[in-house]
Amino acid sequence: MAGTSHGHTPAAWTGATICFIGFCIAGVFMVAANQPGFWAGIGVALLGGVVGLAMKAAGLGMPKESAEMAEARAAAVRQHIENPAGTQARSEAQAQTV
């Protein structure tokens with residue numbers, strides 16, 4: 001996931017932060033045995049998901065991968081599977097010594 005910048009967008013950070021705050025509110029009111037406060041916290045957590053999706057729809061999330069990029073990524077993975085890193089360098093070094 002680190003190579004794809006998964007979740008490193010304003011939409012993801014904002015949605016996750018609002019959800020976290022909602023769960024904290026719900027947790028406090030659960031311990032306090034206050035049902036309306038608990039459900040209000042759950043509502044805030046759900047609102048975080050809605051805000052994150054709305055921000056993604058507004059263009060603040062990860063852009064969708066084009067068909068060309070998906071094919072290029074698949075080709076690179078196939079090439080890496082067929083020729084793992086270092087195999088080509090070793091074969092070139094052996095060819096030079098022969």
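**Figure 1. Buried residues of helix H2.** Gly37, Gly41, Ala45, Gly48, Gly52 and Met55 are the buried residues of H2. Buried denotes a relative accessible area under 20%, exposed one over 50%, and partly exposed one in between, with a 1.4 Å probe and protein chains only. The model is predicted, so that local features need pLDDT of at least 70 and side-chain atom pairs count only at pLDDT 80 or more, whereas totals for chains, interfaces and linings use all residues. Residues are numbered from 1 along each chain as its sequence is written, and side-chain values use heavy atoms, with hydrogens and water left out. The cover over the buried residues of H2 includes H1. Helices (H or I, at least four residues) and strands (E, at least two) are DSSP runs numbered from the N terminus. H2 has 26 residues, which at 1.5 Å a residue should span 38 Å; the end C-alpha atoms of H2 are 35 Å apart, which agrees. The expected span of a helix is 1.5 Å times one less than its number of residues.

**Figure 2. Overview of the protein chain.** The protein chain contains four helices and zero strands, and its pattern along the sequence is α-α-α-α. Of its 98 residues, 12% are buried. Among contacts between residues at least 6 apart in sequence, 55% join residues at least 24 apart; contact means heavy atoms within 4.5 Å. The mean pLDDT of the chain is 82, and 80% of its residues reach 70 or more. pLDDT is the predictor's confidence in each residue, on a scale from 0 to 100. Confidence is highest in H1, at a mean of 94, and lowest in helix H4 (residues 87-97), at 57.

**Figure 3. The two faces of helix H1.** Ala11, Gly15, Gly22 and Ala26 are the buried residues of H1. Viewed down the axis of H1, these buried residues fall within an arc of 40°, and they therefore line one face of the helix. The arc is taken over the directions from the helix axis to the C-beta atoms. An α-helix has 3.6 residues a turn, so residues three or four places apart point the same way. Helix H2 (35-60) is included in what covers the buried residues of H1. On the face turned away from the buried side, H1 carries the exposed residues Trp13, Phe20, Val28 and Val31.

Figure 4. Thr9 is placed in the segment before H1 and is buried, with a relative accessible area of 9%. Apart from its neighbours within four places in sequence, Thr9 is in contact with Leu60, Gly61 and Met62. Pro10 belongs to helix H1 and is partly exposed, at a relative accessible area of 45%. With neighbours within four places in sequence again left aside, Pro10 is in contact with Met55 and Leu60. Pro10 and Met55 are 45 residues apart along the chain, and their C-alpha atoms are separated by 7.8 Å.

**Figure 5. Ala33 in the loop between H1 and H2.** Ala33 lies in the loop that joins the view of H1 to that of H2. Just after H1, Ala33 takes a positive phi of about 55°, in a residue other than glycine. Ala33 counts as exposed, with 69% relative accessibility.

**Figure 6. The aromatic pair of Phe38 and Trp39.** One aromatic pair is found in a search of the whole structure. The ring centres of Phe38 and Trp39 are 4.9 Å apart and the ring planes are at 75°, so the pair is edge-to-face. Rings of Phe, Tyr and Trp (its six-membered ring) pair if their centres lie within 6.5 Å, with planes under 30 degrees apart counted as stacked, over 60 as edge-to-face and the rest as tilted. Phe38 is partly exposed, at 21% relative accessibility, whereas Trp39 is exposed, at 54%.

**Figure 7. The salt bridge of Glu71 and Arg78.** The search of the whole structure finds one salt bridge, defined as a side-chain nitrogen of Lys or Arg within 4 Å of a carboxyl oxygen of Asp or Glu. Glu71 forms this salt bridge with Arg78, and the closest N and O atoms are 3.1 Å apart. Glu71 is partly exposed, with a relative accessible area of 46%, and Arg78 is likewise partly exposed, at 42% relative accessibility.
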